[in-house]
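Here is my note on the model.

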Amino acid sequence: MPEIDPTEHDISELGPKVNQIDDEQELEEMLAMEKGGEARDPVITLIESRLETVGGEDEEAVDPAEADLSEMTIAEIANMVRGVDDVDILDGILEREKSGKERKGAITQIENRIEAVRGTSEEDAEEVEYVPPEEKHPDLEHPTADKQYVEGTVDGEYRDMWVYCETQQGDLVDVSKEMLGRAREMLDDYNAEPDDDTDRTDVDAAAASYGGDEDGNPEEVVAVLIGDGVEEHAEECIACGADRVVYHEDERLARFRHKPYTEIFAHMSRDWEQEWRDYHEPRYTVFPATNNGRDLSALVQGELDSGLASDCSDLYIEDAQISNPEKTGQPGTTKTFERVLHMPRPDFSGFEYSTILCLDKPHRDFHPQGASVIPGTFDLPDPDYDREGAVVEHDIELPDDWFQIEITASDQLDDGVDLTGNEVVVALGRGIGENPTEGIELGLELVDQFEEADLGLSRGVITASYQFGGHVEQYITEERQIGESGQVVEPDVYIAAGISGAVQHKVGMDESDTIIAINTNADADIRDFSDYFIEGDLFEILPRLTEALDRGEFAEAMQEVSDD
């Protein structure tokens, strides 16, 4: 059996892992497992491509000057030209491809290699000319041009991973613990002593070869607590993975406030003179992708003059090979950026993942590398209350003008909508559009057949301009939204009716034990990660399932509608 079962991973997780496997037999076994399981085309292509590369490594070396391109795939050509540094040979390869199969992909690979080689071989290659913002655009106002931190520090000292630990109603929220646990895992690898046998190309081993910072000192996980009475959570933060807890308490901070929270975090991490904080800014900052966390992450990263990858679904540290001249400073060269935080997130298409990197460039450092993390992305760590850590109070005075708005009165809902504790969740999507009120009613009727169940909604229903009947309208709230910007649920049974299955929704429910999807589109993306897929109209299928449950014949009804 191979070490990695591809059927248990998303393609975004598989990419880096598969590309490090050199055992052809293991890859063959993985391919067979995938074909015998979900048979996802992108995963099959990924494994086959790696097989092609690994298989080629054992073959007799091909002479690029004499290679028969008509017998080679585009991937084989790309691998071949990657090792060619002679422009004349590359020109010959390009000419043979253009006069032969003339494949656009192959031509692009060859031309890119020619450009790279010419860029590195020319003695007169010049660095990208740097023009300060105020000189580049003298007729425009540049708010950042006057900020001393934008270009005031290049090659600065950066250390540690800072994790903002959010509290709500006096409790440390679960996503704060999840982030601390993942931060602990990453920095444990990061701080590990280098192994002489470590392969720096391996995703998991790359960070493990650092042995701490540039001087070999271990870097810390720093938990940040801001609010009223938050010191009481310091012990739990340490138990979940923090090496140090920095907190600021003030009764005026009982509610989240943009100005003071942002200024406090920025001062803690950049301007606060402490013996232990002997660096310019943190190397990494991590925030929860909650309502308040999203606000704070953007404001803090803006104040610290760096970037932000929002709503991430994973985090890992790895070196990155970059050839973009904006980042390297010289066309045609490749530079290794070390200790880069890789931040995968669903892209704007809703169907793929993109990995965001926050990289420095000449004359400009982009630190901290910042991310906000979708709640439920990582497992809750097992707290270790025997762990030791430092607790430090942040002690600056807070100006009154940070609190210009006074909250004189407020109301709080007695109960919110928490879908996470249910055994069954019935989720409805845009498929209810034909008759929105009836669609919600059918979902509620199905929910009533279970003891511990509730109704969930896709973002499409929340944002659509559907008109609902009075008694149904109360269920159309953002609290019921499932997905990237909503709740993350893991029920025993998840019934998705009229939901296409975009990545943003998938991340909120794909850990459910059993997923039953109902959709009129046989090619809906949700089919790829459902245990049962019923091609049909929810207005016809939901009543039949409800009636079957009422009769105690749900399994029979599932089989019946599947056969239909």
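1. Asp-365, placement. Asp-365 sits in the loop between strand S10 (353-356) and strand S11 (369-373). Helices (H or I, at least four residues) and strands (E, at least two) are DSSP runs, numbered from the N terminus. The residue has 5% relative accessibility and so counts as buried. Buried here means under 20% relative accessible area, exposed means over 50%, and partly exposed lies in between (1.4 Å probe, protein chains only).

2. Basis. This is a predicted model, in which local features need pLDDT of at least 70 and side-chain atom pairs count only at pLDDT 80 or more, while totals for chains, interfaces and linings use all residues. Residues are numbered from 1 along each chain as its sequence is written, and side-chain values use heavy atoms, with hydrogens and water left out.

3. Asp-365, surroundings. Which residues does Asp-365 touch, not counting those up to four places away in sequence? They are Thr-153, Val-154, Asp-155, Gly-156, Tyr-158, Asp-305 and Asp-360. Contact means heavy atoms within 4.5 Å. Ser-306 is 59 residues from Asp-365 in sequence, with 8.0 Å between their C-alpha atoms.

4. His-367 and Pro-368 are joined by a cis peptide bond, with omega about 0 degrees. Pro-368 is placed in the loop between S10 and S11. Asp-365 belongs to that loop too.

5. Asp-305. Asp-305, one of the residues touched by Asp-365, lies in the loop between H13 and strand S7 (308-312). Its phi is near 60 degrees, a positive value in a residue other than glycine. Is Asp-305 buried or exposed? It counts as buried, at 6% relative accessibility.

6. Asp-311. Asp-311 also has a positive phi, near 55 degrees, and is not a glycine. Asp-311 lies in strand S7. With a relative accessible area of 10%, Asp-311 is buried. Please look at both backbone sites in the model.

7. H12 against H13. Helix H12 (residues 258-271) packs on helix H13 (residues 291-303) at about 50 degrees, with axes 9 Å apart. Axes are lines fitted to C-alpha atoms, for helices over the stretch in contact, and angles run from 0 to 180 degrees between N-to-C directions. The two helices are therefore oblique to each other. Angles under 35 degrees count as roughly parallel, over 145 as roughly antiparallel, 65 to 115 as roughly perpendicular, and the rest as oblique. The crossing of H12 and H13 is right-handed. A crossing is right-handed if the near helix is turned clockwise from the far one by less than a right angle, and left-handed if anticlockwise.

8. Residues between H12 and H13. H12 contributes His-258, Tyr-261, Thr-262, Phe-265, Ala-266 and Arg-270, and H13 contributes Asp-295, Leu-296, Leu-299, Val-300 and Glu-303. The contact divides into 6 nonpolar, 2 polar and 3 charged residues. Ala, Val, Leu, Ile, Met, Phe, Trp, Tyr, Cys and Pro count as nonpolar, Asp, Glu, Lys and Arg as charged, and the others, Gly among them, as polar.

9. H15 against H19. The axes of helix H15 (residues 436-447) and helix H19 (residues 538-551) come within 9 Å and cross at roughly 20 degrees. H15 and H19 are therefore roughly parallel. Their crossing is left-handed. On the H15 side the contact includes Leu-442 and Leu-446, and on the H19 side Phe-539, Leu-542 and Leu-549 are among those taking part. The contact of H15 with H19 holds 8 nonpolar, 3 polar and 2 charged residues.

10. Met-80 and Pro-64. Met-80 is in helix H4 (residues 74-81) and counts as buried at 11% relative accessibility. Beyond its neighbours within four places in sequence, Met-80 contacts Val-62, Pro-64, Ala-67, Leu-69, Met-72 and Ile-93. Pro-64 lies in the loop between helix H3 (41-57) and H4 and is buried at 18% relative accessibility. Among the residues that Pro-64 touches are Val-84, Ile-89 and Arg-96.

11. The whole chain. The protein chain has 20 helices and 17 strands. Buried residues make up 47% of its 564 residues. Among contacts between residues at least 6 apart in sequence, 66% join residues at least 24 apart.
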